[in-house]
Amino acid sequence: METSGINFKSGFVSIIGLPNAGKSTFLNSVIDEKIAITSRKPQTTRRNLKGIYNDEDSQIVFVDTPGVNEGKTILDDYMAKSVKASIDSIDLIIVIVDINTYNDDNYYKLIKILEKQKTKKILIINKIDAYTHDVDEAKKEIISRFGESIIFDKVLSISALKKRHIKEVIECVKEYLVEGVQYYDKEYITDEPTKKIVADMIRMHCLYKLSKEIPHSLDVTVDSMKLSRSKCMNINATIICDKDAHKKIIIGTGGQMIKNIGTGARISIEKFLDQKVNLKLNVVVKNNWRNEKSMLANFGYDFSKI
């Protein structure tokens, strides 16, 4: 942790919202780097992820969180606790709402979390690029949906995907931060281990390629990453699922599905690492892993570390 010059602002900002509101896309747009995986399927984000924004007069640590949702497994409990932990001792809360789906019934859970928070809050209405009605009218409806008990200090509208109005959000965030220290070196964009980012990139391509029900029941671990003499990064990773039938689907006829997943993941990882990658994928079945705390901890979902 370094001391900073006069007028240097810093702080931690939690990003919360319902699944698919665009939280991870927003974080990637702010950092201008794809460190958080994105897809249209729920549970894409499963743990808190820090993205570090740096400029000449500030350092803002954004914390991306899992979507607020009803859960049925211990993994769902882990994600719910991660969201609540992210807003403890935070400097500012950003609530992201998809303008196209603000009538979602899950809002009561989000409202319940926010009602207990005295921390300043910014409401960000996302995906305005895909909205064909009156944005101002939608803003009023969304604010009323949260009710009088939740006061937003600022309301902004953006398109995270198109990177519209992202700079305005950053400037707005700075207004609510105080002078502080630089928590991380300016070269850092996240404190997430490289292995976890790589594992998430592989899982992202599973989300892209596989049918709707399977992504909820799988995870990915990176078993090894070794640089060869030819400067190629050799990566061995394992896709974990909880049914033999799902394993067959992930592998596909003649191994075609896992080949497609591996090809897409390798391209993404090469772009992230900026080097040649040789990726080998294995698939194993771990029955009911989402309801076993010991297995969850092994896969990086450790309740004691929330």
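The largest nonpolar core has 29 residues, of which Ile16, Val95, Leu110, Leu114, Leu123 and Phe146 touch the most other members. A nonpolar core here is a set of buried Ala, Val, Leu, Ile, Met, Phe, Trp, Tyr and Cys residues joined through side-chain atoms within 4.5 Å, where buried means under 20% relative accessible area with a 1.4 Å probe and protein chains only. Two or more residues of this core come from each of strand S1 (9-17), strand S3 (58-64), strand S4 (92-98), helix H3 (107-115), strand S5 (121-126) and helix H4 (135-146). Helices (H or I, at least four residues) and strands (E, at least two) are DSSP runs numbered from the N terminus. H3 provides the largest share of this core, five residues. Apart from this core lies another, of 27 residues, including Ile31, Phe62, Ile94 and Ile170.

The model is predicted, with local features needing pLDDT of at least 70 and side-chain atom pairs counting only at pLDDT 80 or more, while totals for chains, interfaces and linings use all residues. Residues are numbered from 1 along each chain as its sequence is written, and side-chain values use heavy atoms, with hydrogens and water left out.

The open space comes next. A pocket is an open set of points on a 1 Å grid over the protein atoms alone, where a 1.4 Å probe fits, with protein on both sides within 12 Å along at least five of seven lines; lining residues have an atom within 4 Å of a point. Volume is the space filled by probe spheres set on the points, which are joined across faces, edges and corners. The largest pocket has a volume of about 1000 Å³. Its lining has 44 residues, and Pro19, Asn20, Ala21, Lys23 and Gly67 are the closest to the centre. Helix H1 (23-31), helix H2 (74-86) and H3 each give two or more residues to this lining, and H2 gives the most, with six.

The second largest pocket holds about 490 Å³ of space. Among its 19 lining residues, Arg47, Asn48, Tyr78, Lys196 and Lys305 lie nearest the centre. Strand S2 (49-55), H2 and helix H9 (293-298) each supply at least two residues of the lining; H2 again gives the most, here four.

Elsewhere, strand S8 (residues 219-227) and strand S9 (residues 233-241) pair in the antiparallel sense over eight bridges, pairing being at least two DSSP bridges between two strands. Met225 stands opposite Ile235 in S9. Five residues lie between the strands of this hairpin, where Lys231 takes a positive phi near 70 degrees.

Conventions. Buried < 20%, exposed > 50% of the residue type's maximum accessible area, 1.4 Å probe, protein only.
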